[in-house]
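The following paragraphs are intended as a guided reading of a protein model. Please keep the sequence and the three-dimensional view at hand while following them.

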Amino acid sequence: MAKPVHQPREDAEFDFILRMSGVPVLAYFIGTWPKAIEPCRAMDLVVGDVADAYAGRLTVVRADITRCPAATERYGITGAPSYVLLRDGEAVAHGTGPMTVPEVRALLDGHL
């Protein structure tokens, strides 16, 4: 995974990253249950590429649904992988399931 991706260990750390980011945040929610592991791992490379491409314009957070349950509920996450683009803590775009780099860029580009 690319270096610019933050991985909070709990909701408080997730919220801290949101507060400290001076740019929009792409929250990438992953699951650790058997059916979610492979699709989420496959997306790590895609999200890493996006994090590299948007460095300085976007903060990327890889949040484990079981470790960040309040954030998961707050943003209506029901499956993994899921993506939420946040501006000032408010969701402005959502995506779910495996996506390609161009699909993730399309999700972002209309809002950055």
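Asp88 is found in the loop that runs between strand 4 and strand 5 (90–96); helices (H or I, at least four residues) and strands (E, at least two) are DSSP runs, numbered from the N terminus. The model is a predicted one, in which local features need pLDDT of at least 70 and side-chain atom pairs count only at pLDDT 80 or more, while totals for chains, interfaces and linings use all residues. Residues are numbered from 1 along each chain as its sequence is written, and side-chain values use heavy atoms, with hydrogens and water left out.

Although Asp88 is not a glycine, its phi is positive, at about 55°. The residue is exposed, with a relative accessible area of 77%; here buried means under 20% relative accessible area, exposed over 50%, and partly exposed in between (1.4 Å probe, protein chains only). The peptide bond joining Ala80 and Pro81 is cis, with omega about 0°.

Ala91 belongs to strand 5 and is partly exposed, its relative accessible area being 37%. Not counting residues up to four places away in sequence, Ala91 touches Tyr75, Val84, Leu85 and Leu86, where contact means heavy atoms within 4.5 Å. Ala91 and Pro34 lie 57 residues apart in sequence and 28 Å apart in space, C-alpha to C-alpha.

The structure holds three aromatic pairs; rings of Phe, Tyr and Trp (its six-membered ring) pair if their centres lie within 6.5 Å, and planes under 30 degrees apart count as stacked, over 60 as edge-to-face and the rest as tilted. One of them is the tilted pair of Phe14 and Phe29, with 6.0 Å centre to centre and 40° between the planes. This pair links distant parts of the chain, since Phe14 is in helix 1 (residues 11–20) and Phe29 is in strand 2 (residues 25–30), 15 residues apart. Phe14 is buried at a relative accessible area of 1%, and Phe29 is buried at 0%. Phe14 and Tyr75 form a tilted pair as well, with 6.4 Å centre to centre and 50° between the planes. Because Phe14 lies in helix 1 and Tyr75 in the loop between helix 3 and strand 4, the pair ties together parts that are 61 residues apart in sequence. Phe14, Phe29 and Tyr75 form one aromatic cluster.

Asp64 is located in strand 3 (residues 59–64). Leaving aside neighbours within four places in sequence, Asp64 is in contact with Ile30 and Thr32.

Finally, helix 4 (residues 101–109) has Val104, Leu107 and Leu108 as its buried residues. Seen down the helix axis, these buried residues fall within an arc of 95°, so they line one face of helix 4. They pack against strand 2, helix 2 (34–53), strand 4 and strand 5. On the other side of helix 4, Pro102 and Ala106 are exposed.

Technical notes. The arc is that of the directions from the helix axis to the C-beta atoms.
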